[in-house]
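Please keep the sequence and the structure in view while reading.

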Amino acid sequence: MDADVPGTVLKRERTRDAVLELIESRSPGDAIPSERALCALLGVSRPTVRAAVDELVAAGLLVREHGRGMFVAPAKITQELVAGDRTLSVPQAAGAWSSRLLEFTTLQAGARVGRKLRMSPAAEIVYVARLRLVDGAPMAIEHLHIRAELVPGLSAQELESGDLYEHLRATHGVHVHEAVQAIEPTVVTRAEAGLLDVPELSPALLFERLTSDTTGRPVEYVHSLYRGDRYRIVSRLALGPAAEVAPDLEGHHPGIPPGDFAHGDAIASSTRGDIQAAG
């Protein structure tokens with residue numbers, strides 16, 4: 001690196017890019033040189049290296065371990081969004097996804113959830129809290145609110161294994177068709193941090209989804225919290241016509257259990273305001 005590049009901001013950006021190249025040339029868990037070694041390698045000051053490294057640690061690309069050094073962080077789970085002609089199709093994310101049930105009960109919908117599901121606040125819903133894991137590591141906390149009348153006898157096993165929407169279709173005759181979903185940044189609380197194995201106030205992605213069946217009736221309202229250090233969204237925009245390609249049915253939709261909407265159902269894109277308006 002040219003140590004005479006003028007401007008602190010540009011120098012820090014060049015340093016960040018150089019460290020990022022080191023990260024990208026290694027595998028998760030591999031060590032990278034110490035800050036002192038990076039200073040000598042790149043020809044910059046210790047504060048410049050530290051600022052660049054701090055940024056990459058905050059972005060979830062590097063992990064500092066006290067007394068051991070710096071290591072390449074685990075690979076992020078990437079979710080790709082693809083713009084189609086009329087809807088936003090959602091290819092499914094990689095990894096082996098599983099669930100751990102945190103809470104499972106029947107209660108009254110209340111005013112807010114009742115509005116979203118277009119039902120009386122006194123009507124019953126099934127409330128489910130699940131910890132979602134990918135390859136055994138905690139990735140998200142999901143809060144599901146499902147019309148109780150639609151899922152009599154819904155079991156904990158259905159919520160912990162397999163495709164939830166396939167269970168709804170096969171066991172309860174509920175055919176989901178469309179989901180309006182919003183995504184926004186947030187931070188985790190102390191309780192959420194404990195479940196997700198991250199520090200309190202760590203960045204996260206909040207997903208809100210309202211799912212309807214083939215008649216347009218709201219079936220489920222879900223809000224999910226995904227780790228910001230391990231999950232990212234990538235948009236791929238279609239700028240012109242292309243040949244149709246059969247969808248890949250392996251993997252996981254963000255905030256949606258594996259295999260859901262795998263039968264050609266549409267997933268509509270929205271802003272947070274659309275979620276609120278849908279209620």
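In which sense do β2 and strand β3 pair, and over how many bridges? β2 and β3 (residues 69-72) pair in the antiparallel sense, over four bridges. Strands count as paired if DSSP finds at least two bridges between them. Helices (H or I, at least four residues) and strands (E, at least two) are DSSP runs, numbered from the N terminus.

The model is a predicted one, in which local features need pLDDT of at least 70 and side-chain atom pairs count only at pLDDT 80 or more, while totals for chains, interfaces and linings use all residues. Residues are numbered from 1 along each chain as its sequence is written, and side-chain values use heavy atoms, with hydrogens and water left out.

**The sheet.** Three strands form an open sheet in the order β1-β3-β2, with antiparallel pairing. β1 (31-32) and β2 (62-65) stand at the edges with a single partner strand each, so one side of each is left without a neighbour in the sheet. β1 and β3 pair over two bridges; A31 has F71 in β3 as its bridge partner.

The terms used here rest on relative accessible area: buried means under 20%, exposed over 50%, and partly exposed in between (1.4 Å probe, protein chains only). In helix α2 (residues 35-42), the buried residues are E35, L38, C39 and L42. They cover an arc of only 105° around the axis, which puts them on the same side of α2; the arc is that of the directions from the helix axis to the C-beta atoms. The face turned away from this buried side carries the exposed residues R36, A40 and L41. In helix α4 (residues 110-117), V113, G114, K116 and L117 are buried. Their arc around the axis is only 160°, which puts them on the same side of α4.

**A buried tyrosine.** Y221 is found in strand β11 (residues 218-227) and, at 0% relative accessibility, counts as buried. C-alpha to C-alpha, Y221 and H145 are 5.1 Å apart in space, although 76 residues separate them in sequence. The side chain of Y221 makes a polar contact of 3.2 Å with that of R112 and another of 2.5 Å with that of E208. A polar contact is a pair of N or O atoms within 3.5 Å; within protein, one must be able to donate a hydrogen and the other to accept it, and residues adjacent in sequence count only if both atoms are side-chain atoms.

**Salt bridges.** Side chains of opposite charge can pair when their charged atoms come close. A salt bridge is a side-chain nitrogen of Lys or Arg within 4 Å of a carboxyl oxygen of Asp or Glu, and the whole structure has 16 of them.

| Pair | N to O distance |
|---|---|
| E142 and R132 | 3.7 Å |
| E166 and R169 | 2.8 Å |
| E220 and R209 | 3.3 Å |

Both E142 and R132 are buried. E166 is partly exposed, with a relative accessible area of 31%, whereas R169 counts as buried at 16%. E220 lies in strand β11 and R209 in strand β10 (residues 203-213), 11 residues apart. Salt bridges that share partners also join E35, R46, R50, D54 and R64 into one network.
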